[in-house]
Amino acid sequence: MQLLMLLVWAWVLFGVVESDDPLAGKLGSEVLLKPNAVTSPITSITWKQGPNLAVQWDGTAIQSYRQFKNRSSLDVESGILTIRNLVLSDSNNYTPEINNVLQKEIVLKVYRPVPKPTITVQKTPGEYCELTCDGDITDAEPVTYSWTKNKAALLETERNIIQKLKECSSTYTCTMTNPVSTMESGPVTPVPSDKWPIGLGVGLGLIGLVFVLIIIHKGLTGVWFYQKDSMFWKADFWKKSPDQPGNAERKEETVGMAKDNN
């Protein structure tokens, strides 16, 4: 019982408590490590990374150690430690000691920002599609994935795949999110590979019909459609004109042959 009371008093006096959720830091950015506020004037500050000294102030000069040289600053009035140009190895436990009183540790976790994702479409058996939200998430995890369909929220999941998707003609986007960043893909409409969109099929059909009509007109009239003076809905548009290119030459040849015979 006495041992238990001693532990409780130690917890109250020294503030040695379990740390909160990790503090998220973005790779290349900066982070502020904030100790608990103290009521008395601050006369000394020590910050440790794990068991090792990081930054120390004895009331006269600030001393930075190891990787914290030229990348950190210490506010001696509040005890706040700022770390700039964060690197992955800065992820660790940090413990402040102010006026020789140990405070609770702060857990720092540095993440890479998520990349701009891309959506990969795969046709599955039947009339289904499978969408995958792709991107390199090395050192960026944990990552969550959210999807939209026709700009409306669809679902949020820890997996990057949507399976057995039946509405393949809708437009989808995916978004990657981690504790320090969010990025959205471009829109994708995953039409199955064995089907043509209705609009595209109609458009290709009309283009083909126009091409066939142009060839037929050329065969009937001997000239291209833009060489005709009449419109396509008139009968003479589809007939040879007496004065159309080629007819005049043939007429002159016929007259010349007649004169020669005479």
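**Exercise 1.** What is the mean pLDDT of the protein, and what share of its residues reach 70 or more?

*Solution.* This is a predicted model, in which local features need pLDDT of at least 70 and side-chain atom pairs count only at pLDDT 80 or more, while totals for chains, interfaces and linings use all residues. Residues are numbered from 1 along each chain as its sequence is written, and side-chain values use heavy atoms, with hydrogens and water left out. The mean pLDDT (the predictor's confidence in each residue, from 0 to 100) is 79, and 67% of the residues reach 70 or more. Next, residues 254-258 have pLDDT below 50, and beyond near neighbours in sequence this stretch has zero contacts (heavy atoms within 4.5 Å) in the model. Where pLDDT is low, the predicted coordinates should not be read in detail.

**Exercise 2.** Locate threonine 148 and describe its surroundings.

*Solution.* Begin with strand S13, residues 144-149, which holds threonine 148; strands are DSSP runs (E, at least two residues), numbered from the N terminus. Then, leaving aside neighbours within four places in sequence, list the contacts of threonine 148, which are Ala153, Leu154, Thr171, Tyr172 and Thr173.

**Exercise 3.** Which residues does leucine 74 touch, not counting residues up to four places away in sequence?

*Solution.* Leucine 74 touches Ile45, Trp47, Val55, Trp57, Ile62, Gly79, Ile80 and Leu81, with residues up to four places away in sequence not counted.

How values were computed: Helix = DSSP H or I, 4+ residues; strand = E, 2+ residues; numbered from the N terminus.
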